[in-house]
Amino acid sequence: ALPIYLGATKIKLAVPDFPPKSVDQSLVGMTQVFNKVVWSDLEESGIVDLVSKSYYPVKLPEEPLDVDFKAWTAPPAAAQMLVFGKTESANSNLVITGRVFDLGNQANPGVLAKRYVATMNEISTREAAHRFANEIIQTLGGGISGINLTRIAFVSNRARRGASEIWMMDYDGFNEHPVTSYGSTSTTPRWSPD
């Protein structure tokens with residue numbers, strides 16, 4: 001039996017790593033970051049059952065014509081949906097092309113197709129990965145918005161002893177940074193409606 005969320009069966013989703021289209025080290029590094037963040041966000045979403053990468057076919061798709069429906073739907077993968085794509089470098093930017101296919105609908109499998117352009121750094125790459133994961137969650141979750149772009153505000157005195165400041169980080173703990181630097185005690189951060 002498949003796990004259940006909110007009364008519905010979880011979708012068996014295969015998410016192979018996106019390959020970089022060159023051996024440029026910055027592209028390779030940012031592609032690894034992208035792949036890790038997308039997997040983690042989807043794993044934490046609670047709406048999908050990620051198929052183990054050890055069950056994937058040998059040939060991984062980059063383009064729609066590369067998808068071997070039988071290989072992905074047959075055991076051991078037995079996936080219902082497939083996320084695939086590629087990363088490229090263009091004008092010193094990271095360009096990510098991502099797709100989601102419904103493997104049970106060979107006649108019209110495209111469920112989602114997105115292209116993201118990010119600065120070739122970890123913060124921008126992670127944001128693109130969070131955006132893509134949110135799009136997948138919203139598409140497969142019946143309109144439920146993903147939380148992957150949310151932030152957490154908190155109080156910390158790590159920068160100056162005795163002076164508590166307001167800090168912020170991504171929902172997954174990455175990108176911690178101070179928001180205030182008053183040198184005194186700042187407490188109870190609140191979000192503005194805008």
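The points below are grouped by topic.

This is a predicted model, in which local features need pLDDT of at least 70, side-chain atom pairs count only at pLDDT 80 or more, and totals for chains, interfaces and linings use all residues. Residues are numbered from 1 along each chain as its sequence is written, and side-chain values use heavy atoms, with hydrogens and water left out.

**Nonpolar core**
- The largest nonpolar core has 43 residues, of which Leu13, Val15, Leu42, Phe132 and Ile136 touch the most other members.
- Such a core is a set of buried Ala, Val, Leu, Ile, Met, Phe, Trp, Tyr and Cys residues joined through side-chain atoms within 4.5 Å; buried means under 20% relative accessible area (1.4 Å probe, protein chains only).
- Helix 1 supplies the largest share of this core, eight residues.

**Strand pairing**
- Helices (H or I, at least four residues) and strands (E, at least two) are DSSP runs, numbered from the N terminus.
- Strand 5 is largely enclosed by the rest of the structure, because seven of its 10 residues are buried.
- Strand 3 and strand 5 run parallel and are joined by two bridges (pairing requires at least two DSSP bridges); Leu13 stands opposite Met81 in strand 5.
- Strand 5 pairs with strand 6 in the antiparallel sense over 10 bridges, and Leu82 has Phe101 in strand 6 as its bridge partner.

**Asp41**
- Asp41 lies in helix 1 (residues 25–45).
- The side chains of Asp41 and His130 make a polar contact at 2.5 Å (a pair of N or O atoms within 3.5 Å; within protein, one must be able to donate a hydrogen and the other to accept it, and residues adjacent in sequence count only if both atoms are side-chain atoms).

Terms used:
Buried means under 20% relative accessible area, exposed over 50%, partly exposed in between (1.4 Å probe, protein chains only).
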